[in-house]
Amino acid sequence: MAKDHSPTNYKSFHSLCYLLFFLCFLYSISFIYYSHCSSPCSPQTTINSPPYNHSSTINLISFPSSWNHLSFSSNPPPRHLKIALFVKRWPRQNLAGGLERHALTLHLTLARRGHDVHIFTTNSSFPNSSLPYYSNAALTFHPIPPSPGGYLNQALAWKEFQIQNSSQPFDVVHTESVGLFHGRARNLTHLAVSWHGIAYETLHSDIVQDLLREPKEPRHSAFSDKLGKVVEEVKFFRNYAHHVATSDHVGDILKRVYMIPEERVHIILNGVDEEIYKPKPGSTRSFRRKFGVPESAQLVIGMAGRLVKDKGHPLMFECLKRAFMEDSRFKTSVFVLVAGDGPWASRYRDLGPNLILLGPLDQTQLSEFYNSLDIFLNPTLRAQGLDHTFIEAMLSGVPVMGTRFASITGSIIVGSEVGYTFQPTVESLKESIFKAFGDGRAVLRKKGESARNRALRLFTAKKMGAAYERLFLCISDNLYCNYPLPADREK
């Protein structure tokens, strides 16, 4: 049989070779990383260990690790900044993703420390033109009509920014991901962009999801296009002056794969409001009773977020289905509480009365939800950013279980003392769940205490706010790039 030597086939073959080379490169990085962190690591040996001497002075711009490890002054600085924030949407009640929640938590913290924060966002964030009010916070909103695609209209937002900038120049501009497109950002030297997910991580997620698809399920049409998106990001990311990676892993990728100079990449891990998410022992029994969890339950597992495919719910569904079938004791004594909504809610109902759907919850309800759990599980198949739900659970004193992605094992579940990790397969997830079940509540409580201690050190809103504040001060005035300053040494 004659072989087809058409140019199209050569092009496809070359494309496949490039993709295979890239996947081999990705695998080599993952192998090195996982050999370091997939097994339990002690906090002293993880990449989170700050490589500096407390008695010496360092330049923060070139600090290679997470700024969350540093201790900045808890007092508001003598200089207050005028800050411009570009964000696609502003959160409304419990209808917000991780990026929007990060924008709210961070800039509310900054405003309450005395900074003047101006928010450029779509007016669709404010139904009936009702702007939100926050006590003790100087937040000024500039609602902009969205573009036809639903994004922040760049031309209108930029025009409004210039008007506000002409009266009193902004000290620093902050954009949550591509809230401000790179074409306009390239000329701003006092600018920082926070990345909550990059194409390189998305490609890893797509590989995992492709490995899990059913034999007759077609491969997603966009799968082969993701490599091109990584290349495009490598090209335009350099137009942003400063980059904030929200996980240790992304910081490493921005430096090594995206080839951004190290002095322009800064790692600041996400934080959540520690005044909301904290242990509330008195609410545990009442919350369980409210939703029908019996006193005889030996393990209460919780999940929260959108119940969609890429969040790992097909994997979790199949895992629980098998676990209930294989172990009668597990079926009668383990209960799963699910906060959130989405297509997989109806499928979960098929698993029986031990799977309890709570629907979307506001922050106060979420706090009570976390406090009712023995362990929090996030089965995500998206290796992007640093998921807030892990942090909320840890601050509530609950151990966590998550997929063995580099962003999770590198920043959140750095060892067995705070929880469990699993490969994104049904068998590995089932093994981890049975391990937690077998460990029992005494062990889980101890892990929960360790998880909370780690979260208090690294993942509070105050910790995140102080780190961003210092970065913004440093960007606007080199004096603040020195660490520690005299104020940092004050207790």
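Predicted model: local features only at pLDDT ≥ 70, side-chain atom pairs only at ≥ 80, totals over all residues.
## Basis of the model

Local features need pLDDT of at least 70 and side-chain atom pairs count only at pLDDT 80 or more, while totals for chains, interfaces and linings use all residues. Residues are numbered from 1 along each chain as its sequence is written, and side-chain values use heavy atoms, with hydrogens and water left out.

## Backbone features

Most residues other than glycine have a negative phi, and most peptide bonds are trans. The bond from Y483 to P484 is cis, with omega near 0 degrees. P484 is found in the loop between strand 15 (482-483) and helix 17 (486-489); helices (H or I, at least four residues) and strands (E, at least two) are DSSP runs, numbered from the N terminus.

N136, which is not a glycine, has a positive phi of about 55 degrees. N136 belongs to the loop between strand 3 (116-122) and strand 4 (139-144) and counts as exposed at 68% relative accessibility (exposed means over 50% relative accessible area, with a 1.4 Å probe and protein chains only). M259 has a positive phi near 55 degrees, lies in the loop between helix 7 (248-256) and strand 8 (265-267), and counts as exposed at 59% relative accessibility.

## Helix 5 and helix 6

The axes of helix 5 (residues 199-212) and helix 6 (residues 226-236) come within 8 Å and cross at roughly 165 degrees; axes are lines fitted to C-alpha atoms over the stretch in contact, and angles run from 0 to 180 degrees between N-to-C directions. Helix 5 is therefore roughly antiparallel to helix 6 (an angle over 145 degrees).

In this contact (heavy atoms within 4.5 Å), A199, Y200, T202, L203 and D206 of helix 5 meet K226, K229, V230 and E233 of helix 6.

Notes
Buried < 20%, exposed > 50% of the residue type's maximum accessible area, 1.4 Å probe, protein only. Parallel < 35°, antiparallel > 145°, perpendicular 65-115°, else oblique.
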